[in-house]
Amino acid sequence: MTERPDNWRPARMQSDPARVVALDVLEQVRDGAYANIALPATLRRADVRGRGRGFATNLTYGTLRMQGRWDAIISQCVQGRPFDEIDPLVVDILRLGAHQILGLDVPIHAAMNETVNLARNEVGSGASGFVNAVMHRISERTNEEWDQVLAEVLGDEGPHAILGAQTSHPAWILDVYEKSLEASGRTTEDLGDLLAANNEPARVAISARAVSRETVLADAEEARAVTTDGVLMPEAIVLEKGNPGRMRSIRDHSAGVQDEGSQLVAYLTAGAPLEGSDSEWLDMCAGPGGKTATLAMLAADRDVTIFANELHGHRLDLVADAVDPFDNVVLREGDGRTLAKEEPGRFDRVLVDVPCSGIGALRRRPEARWRKTVEDAEGMRELQIGLLEAALDAARPGGLVCYSTCSPDVRETREIVDTVRDRVDVLDTVEIGKDMVVPGTLDSITGPYMQLWPDMHDTDAMFAALLIKK
């Protein structure tokens, strides 16, 4: 038997590259990065491909999405140690471990070994022992049993605190959703379905713009992607499997990745009935350009010029990329409210997709629910009112204005429209009919306000209202 030197230590097992990528992205997000930007760059830098790339993506987004649940569970497994005193890097490692066991059904022994090894390599042997103990406690219960534990522990804080921890949503978002569901004619019993839908990854929807739908489908097949028809927009193409970045039509901007709800807002803006001239349209808050490009496609054979306005130069660059195949778009940089003052009463159709809290897009922005606060929606109220008033100023008499947000919060949606109608008594709302865009598309929508829902329409929770300036 070979004798080992006195200072011999077994070689450390290297950490799985996909898990290292996920941890790296969690650290970047903690420092303020956006996961949808940080993850692709980190995967390229680490040269993680194939199945490892898919696992890293699911692990990263899933852990961020379910962070609140994992934190509540981890807090019960640290044996009296204050959660906020744990090293943030160790917390991120525990979150990844919890998601592997309870969120991805990775075999317990594999999740345990990989998580402890990650802690040892990234933090040190002391941290690995702590992580090992916590992981054992996490693995001792099923998801259903943890639901019962959280209900007992948080029972005194009310039903929203319990449901929020179980479904990984801040309690204030549950309050907002409940009020918004009631305002839309739904019941509070639908809240669970909405929260469950929020915790499912958003499917990748594609809008064919400068090429035919058949061309995009052929591109998808060449890129070995699996496609299906859209749920809300029959013309949309949904990738069930595959990387849109490998498709030629996506790379050259002749098609674009765009949520079906966002596509529908552009179709409503372009397709709502309008009397009189119809040759100049304004997209007042155009960045990053998805709706602008869809408008450009819809206007291509109608002798229409679209003026795309964006406050921020870097976002205007994104608009320029999105509309590159079209020659009917004029780009402008600046505050849309200023533009309206300079050219009042000029435009036939105006789309004002206002900045908002974004809590209608939590499926695709997993970190947003932990960064947004109840004050975010309240703080944007005057900006949203100002932009809608400016959009009405920019519209000609008889012109159409589409007000939209990616939020179901009534303070950002119907309350803004109602407030402006009270201030500016010169407009009518348009009934959004089910056959206004595509027959059958809006069977669940009635009245002057369109509110989409992830659980009902498989889209972001987009809101839209159509207004006619008298």
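Guide: Helices (H or I, at least four residues) and strands (E, at least two) are DSSP runs, and they are numbered from the N terminus. The model is predicted, so local features need pLDDT of at least 70 and side-chain atom pairs count only at pLDDT 80 or more, while totals for chains, interfaces and linings use all residues. Residues are numbered from 1 along each chain as its sequence is written, and side-chain values use heavy atoms, with hydrogens and water left out.

The backbone of Asp47 has a phi near 55°, a positive value in a residue other than glycine. Most residues other than glycine have a negative phi, and most peptide bonds are trans. Asp47 counts as partly exposed, because its relative accessibility is 48%; buried means under 20% relative accessible area, exposed means over 50%, and partly exposed is in between (1.4 Å probe, protein chains only).

A positive phi, about 55°, is also found at Asp303, which is not a glycine. Asp303 sits in the loop between H15 and strand S6 (305–310). With a relative accessible area of 70%, Asp303 is exposed.

Another loop, between strand S5 (280–283) and helix H15 (290–299), holds Pro288. The peptide bond from Gly287 to Pro288 is cis, with omega near 0°.

The loop between helix H22 (454–457) and strand S12 (463–469) contains Thr459. Thr459 has a relative accessible area of 0%, so it is buried. Contact means heavy atoms within 4.5 Å. Leaving aside residues up to four places away in sequence, Thr459 touches several residues, among them Leu232, Asp259, Arg363 and Trp453. Thr459 and Arg371 lie 88 residues apart in sequence and 21 Å apart in space, C-alpha to C-alpha.

A helix gives another view of burial. In H8 (residues 143–153), the buried residues are Trp146, Val149 and Leu150. They lie on the same side of H8, because they cover an arc of only 95° around the axis; the arc is that of the directions from the helix axis to the C-beta atoms. The face of H8 turned away from its buried side carries the exposed residues Glu144, Gln148 and Glu152. Helices H4 (67–75), H5 (88–103), H7 (125–139) and H9 (159–167) are what the buried residues of H8 pack against.

As for the whole chain, it has 22 helices and 12 strands, and buried residues make up 53% of its 470 residues.
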